[in-house]
Each structure stands twice: as structure tokens, then as C-alpha cells.
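This report is meant for someone meeting the structure for the first time. Please look over the sequence and the model before reading on.

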Amino acid sequence: MKFRGKIIDIACLNHFTRVVTTISKLTKMCVLRLTPDNLFFVLSGKVANGGVSMWCELSQANFFEEYQMEGVSSEDNEICLEVTPENLSRALKTVQNAKAVKVKLTKKHCPCLTIAAELPTLSSVSRVVTHDVPVDVIPRRLWHEFKEPSMPDFDVSIYLPPLKTMKNIVDRMKNLSNFLVIEANLNGEMNLKIETDLVSVTTHFRDLGNPPWGDDASQDGGPSQSRDPESMVEARVDIRRLQQFLMGQQVNPSKAMCNIVHQSVLHLILLHEDMSLQYFIPAVA
Amino acid sequence: MAIKSVQSVFRSLTTLEKTVEKCHIDLDKQKDRLTFTLHCKHGLLKTHNLSFQDSESLQAVFDKDSYANVFKAQPRLLVDTVIHFPPSLEEVTVSVSDERMWVRNHVEEEAEASKAMLTELCLASDEFDHFAAQVHNSVTFCLKELRGLLVFAESTGLPVSMYLDEPGSPVVLSVTDSVLEGNFVLATLSDDPSLRKNSSKGAHTAAPPPPDDFMNDDMDSYLIAMDTSIAPGPSNTGPPPPSLADDTRSKRPAAVSHKARIRIEEAEEEEEETDDLDRLPNKKFRSLFFGSVLPPSSQLSTQPMTSQEVLASDSEEET
């Protein structure tokens, strides 16, 4: 197994760092899958983290000047590592002014992702800083746990309001209740509701727009087409999970939308120029 | 005397510059009082009476000029170096060779070693104002103290001189100008077997950082090699006596939680008395190694030495 990548462009480095930092705010540990064309940060839904799962896809060509990898075998040309994204984020943040940053899979005292950066100096010799981030190699037999999630058979798909606005509202609602109901319809309307014994608060959003998925999105073409555009579908979620998702966002995405499967799952999708992030929050009763 | 009290006298720099004509400092030994009198414009007199407590002053035993390795750098270089390490990092290891200086984070507990993130930075000799490494050494000392003094050095813009010697000997950082000389004496971790190998005069063309394979910890052979004079500490095995250093140089003690500290002294501070300082540092550390276990929190420089308990007798003294 080999992996070697090099980032030279400062903007790419900056962007990559921000992606990793966003991931680090969403989860403490995750799986990094490396393929010849892409990098994936994957979190598989487990009871321990509230059933939340995440899939973040980056195209390596958008970030790395050089990228070489050799997977576990020629049929399975992939590398799967369990990593603490915060360590990666910390390492990358300190080398933002580097001339070049190399990311390599190495074996030091244990398998590591080594981030080696060449820093600009006044002297003739460059200053080199290396960060060895320990990783765990995931064996092939477990790879099935980290596959790309299939698009759920959603009832409503709607664009999200500006994330900052959403975050402000969710932050305040969190003080009142642990659970939040997010409901939306095909008419571009979304409501965020909380309800307690003493008070219920609803924030209404209008004219959000619904993404045109077309026929291939919902399998039998039934539910979304024949659905009454006014009728709302809802999902009741743990407000902290939603807040965590909103807190971590560092960049404004080109597109932000969510799919709701009625009383089942909230599927958030953020699309950036060269990165896509999907986040699944299961609904609770 | 609390620094905050003195700070409050000179609180607002801009006001001082505008209004104060002269400052008179008077020490009254009988009343234990230090008086600052600020003579301001328009005949205004501000008097600050600060009480102090007499306490024993300790002097660190060190001689900068006898140190083998001397470096001098602009504070910016060191600030740019420490910025790569997380703020929570306690200790850092500095290794030097003829042309280079490596700065690494020091990973303490063996249990963490396999999962800890390692960071290393390499500085070339021509980044320094002065670089003289006669002996290739590695020393480990407290990073937090270093950060503190770098803040001071950066604000004054004065270059920082660093005096390094063997592990165990304190590292001295010094800031000098025409009106002040500040010496920051930091204790270093001593007798780390994996580091001892590197301290040889020019024997290596490039002194590598200590071998990273400290998972090669063969506890059994370690125990056999050690003397039965090692008293049973709480699941602690100290490093072997120096004579066995070469055999075991690739091994590390299972739980290296020994820290020996001589107190850190800043130029103007005074601390509680300990009676250990008259002894040579080396001897002191060796006796602490056998069984003395320090909880991580007591690594702070300002803790007095007397709080440590040597759990095992130093049987070496008997032979």
C-alpha cells in the first residue's frame, strides 16, 4: 500500500485544510478512503454517534499537484484508513504558508499519514516540518461498511435557507428543547419547529425552491410527482446533531439542500465546487 | 510580591508617558514596604505603597559560558517554530548537530506513544544569528515556559540566546540588552537512554532524532539487564544505570514518568526554599529515578521540590 500526494498551490492547500477542518468539527474519528481519483471522508452510522452518517467526496485532481497511490491489491486499488481528522486539521493549519506540502502514508511506530511541509525561509535551506498523524488501516473485510450511501427515497427535496441564518435559529432553539422538527413541502416552504410544555416556536421560510431531481430521483416516480405541493413532510431530529452540522461549515456552499423522508431521515447535501458533503440524521419518534 | 501589584502602578503606558515626570522608588526594609512615588505634571504626586514578604532567594547553579552549545536567534524564528506545536503540548525535545537543530514534541507516556501525533521541525544553522554546536545533544524541556519567554522577547525585539548542554543540565535562555539581562533557566529531562546515544562529540555527521521505534520495547530483557537493586516502584521501571546504556539504547522504559526538576528561575522572581540545590544536578536526578513517580501535573516548574517523595532507596550509594 502506498500513497503520496503533493499540494503546491496555496489556494488548494487552504481549501483542503478547510475541508478537513469541517470534517473534524463533525466527527472525532472517521474513515479516509483513497482511490486513484478521489478521497472520501466517511462516517458510517452507528448507535454510538446517534446513527448519524457522513459522506464527503473530493476529487483529488482539484487539490493535489501530484497524486500517486497503490491500493491493497490491483483489484481492490484502494486504501482505507481510520483517522482523527482533528490531527490532520491541526497539522495542515500550521503550514498554510508552505511552499509545498506532501501527504504520505508511512510506517513509523505505527502506520501514519505524514504531512511534510517545506516552509519558506530567508536562508538557503528550507525549513521542513513534519507531522506524523497515526492512522489505523481498515482491513478489506470491513470495507463494505464504508460504501457510498444510496440516495434515500425521499418525499420532499428542498433548498436550504442561508446556513448562517439556520445556524442562528437552531442555536437559539437548542436552549429550549432537545429535539427539533424540520418540515418542508414541494412549494419551497420550510418550517423549523420546537415544542415544549411551555412554549412552541416555529420559524417559517418561504420561496426556498425545490431542486429538480427529475424522474430518476424517486424510483417509481410516484411519491414526488403526485404529492400535494402544499403538504408537509417532517422529520424530528436531535437538535445537537443539526447544530453540529451547521457549526462546522466553514465555506458557503454553491448549493445546499436537504431531502426528507417522512419521519425517517433528514439527508443534508452540500455541494461545493470541488467537494460534496452528505450528512444523514435519523429521525427520532 | 505579586507581580500584579507592581503592574497596577504602571498600568496605563500612555498616561504615564504624558503625565509622569519622574518616578521615585524607595525600599523600606523595616516596614517591609516598597514605595513607588510618581511625580506627575501640575504638582501631582501619586504614591503607591506595596508590602512585600521577605523570603529566601534561590540561585540556580549554572554557568552559561561553560556550556558546549550556544545559539542565538531572533525571537521571530523561535516563535515560528513553536507555533507548529499544539498549545496543550507540555514538553519539547531539541536536538542539535553541526548544521541543524531539530525540535520535536516529547511524547511522554508509553501508552500514548502509539497514538500520539508527532511533530518535528528542522532548522538550519544559517537561520540563526549564531550557531555553535560542539556536542551533539538532545534535551527535553517545558514548552510552556519557552512560549512565555518568547512573548517577552518578541515584545522587546531582543535576540534570544540559548545555551544547551547534556540532558539533565538545565537549558538557559537569555535575553540581554543595555539595561537588562534576563536568564531563563529551564530544567531538562535527564538520562533518557534513547537520547544518550546521540550525545557524542561529532561522532555523527548528522545527529538523527532518537530512534522512532520505541515500540521495540523488550521488557523482559530490560528487566534482566537491570540490577536487583532497583526497588519495586508502582509498576515503574527506571532506566538502567548508565553502564548499561549501550545495550539498551534502543529500548525505552515502560513508563517513563520520572521528571527531575530544578526550579525555574526568572531573573527577578523568588521561590520557596529547597535544600536540594547544593547537590550536583546529575546526582540528584539519578536518585530520583529509582522509584520516584511524579504525576504529570507536578511538572510545572514552580512546584517546590519538596513535594516529591523518593519511594525507593538509592542503593547505588551503598556500593
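## Basis of the description

This is a predicted model, in which local features need pLDDT of at least 70 and side-chain atom pairs count only at pLDDT 80 or more, while totals for chains, interfaces and linings use all residues. Residues are numbered from 1 along each chain as its sequence is written, chains are lettered from A in the order in which they are written, and side-chain values use heavy atoms, leaving out hydrogens and water.

Strand S16(A), residues 255-261, has 6 of its 7 residues buried (under 20% relative accessible area, with a 1.4 Å probe and protein chains only); strands here are DSSP runs of E with at least two residues, and helices are runs of H or I with at least four.

Pairing requires at least two DSSP bridges between two strands. Strand S11(A), residues 156-159, runs antiparallel to S16(A) with 4 bridges, and A:Val156 stands opposite A:Ile260. S16(A) is also joined by 7 bridges to the antiparallel strand S17(A), residues 265-271, where A:Ile269 is the bridge partner of A:Met257. In the hairpin of S16(A) and S17(A), 3 residues lie between the strands, and A:Gln263 takes a positive phi near 55°.

## Helix H3 of chain B

Helix H3(B), residues 75-82, is largely enclosed by the rest of the structure, because 6 of its 8 residues are buried. Among the buried residues are B:Pro75, B:Leu77 and B:Val82.

## An open sheet in chain B

In chain B, 3 strands form an open antiparallel sheet in the order S1-S2-S3. S1(B) and S3(B) are the edge strands, each pairing on one side only. S1(B) and S2(B) are joined by 8 bridges, with B:Leu27 opposite B:Leu34.

Note on methods:
Buried means under 20% relative accessible area, exposed over 50%, partly exposed in between (1.4 Å probe, protein chains only).
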